[in-house]
Amino acid sequence: MRKHRAGSVWMILPLYLFTLIFVALPLLYVVALSFSTANGGYGVNWKFTLDNYKQILEPVYLQTFTGSFQLALTSTLIICLVGYPFGYFMAKLSEKWKKRAMIFLMLPFWVNSLIRLYGWMIILQTKGLLNHVLKSLGLIEKPLRILYSYPAIVIGMTYVLLPFMILSVYSSAEKLDWSLVEAARDLGASPMKAFWTVSF
């Protein structure tokens, strides 16, 4: 038993070392930097100061912070509204369609991120696919400037993070005991109430 535990410790030790070196130590270094001051070019003066945190209340930094928070909130809301139903109904599919949906979901991960970035640039640019479709449908007269705008960032963040939301919901919904939902329906709950009180 002790040999088994010792073997398990040695197996997991590289993961802990990797996390410590490449995640924890850089974060601690960034925290330490936040209490120091810049010393000319690339140097750092390690004298303790809170001036960096006082600057947060300056308009330029406050605007950046509120803009980032708004972007995160908007992206999260869209991802939840799209990802939750997708993952939930994906869990209710037959095994054949589950596999197909999973392949469809994993396709973006098989493509290089740089290629995906250029793909979105082609779609969203002034002479891109989206503007061409909108003009063909008669919805716009002049091309829209979407690229490098707030909506483009929201689209990009949604595209990147949506699969993670879907997979999280799918893994939870697949483990759900659907007989509890059926029991709720048999006891008189409406479909919406059964979903809200049992599934959600």
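1. Which residues is Tyr84 in contact with, leaving aside its neighbours within four places in sequence? There are contacts to Ile79, Met165 and Val169. Tyr84 also touches Phe195, Ser199 and Phe200. Keep in mind that this is a predicted model.

2. Confidence comes next. The mean pLDDT of the protein chain is 87. A score of at least 70 is reached by 96% of the residues. Among the elements, α3 has the highest mean pLDDT, at 92. The lowest mean belongs to strand β1, residues 37-39, at 81.

3. As background, nonpolar side chains tend to be buried together in soluble globular proteins.

4. The largest pocket has a volume of about 280 Å³. It is lined by 14 residues, and the closest to its centre are Arg116, Leu117, Trp120, Ala152 and Gly156. Two helices, α5 (113-124) and α7 (150-174), each supply at least two residues of the lining. By class, the lining of the largest pocket has 11 nonpolar residues, 2 polar and 1 charged.

5. The second largest pocket has a volume of about 190 Å³. Val82, Phe86, Phe104, Leu105 and Pro108 are among its lining residues. Tyr159, Leu162, Pro163 and Ile166 line it too.

6. Which element gives the most to the lining of the second largest pocket? Helix α7 does, with 4 residues. At least two residues each come from α3 (59-91), α4 (95-106) and α7. The lining of this pocket counts 9 nonpolar residues, with no polar and no charged ones.

7. A last point concerns Asp51. This residue is found in helix α2, residues 51-54. Is Asp51 buried, partly exposed or exposed? Its relative accessible area is 40%, so Asp51 counts as partly exposed, the class between under 20% and over 50%. Asp51 and Thr158 are 107 residues apart in sequence. In space, their C-alpha atoms are 35 Å apart.

Note on methods:
Residues numbered from 1 in each chain as written. Predicted model: local features only at pLDDT ≥ 70, side-chain atom pairs only at ≥ 80, totals over all residues. Heavy atoms only, no water. 1 Å grid on protein atoms, 1.4 Å probe; cavity = no way out; pocket = protein on both sides within 12 Å on 5 of 7 lines; lining within 4 Å. Points joined across faces, edges and corners; volume = space filled by probe spheres on them. Nonpolar A, V, L, I, M, F, W, Y, C, P; charged D, E, K, R; others polar. Contact = heavy atoms within 4.5 Å. pLDDT = per-residue confidence, 0-100. Buried < 20%, exposed > 50% of the residue type's maximum accessible area, 1.4 Å probe, protein only.
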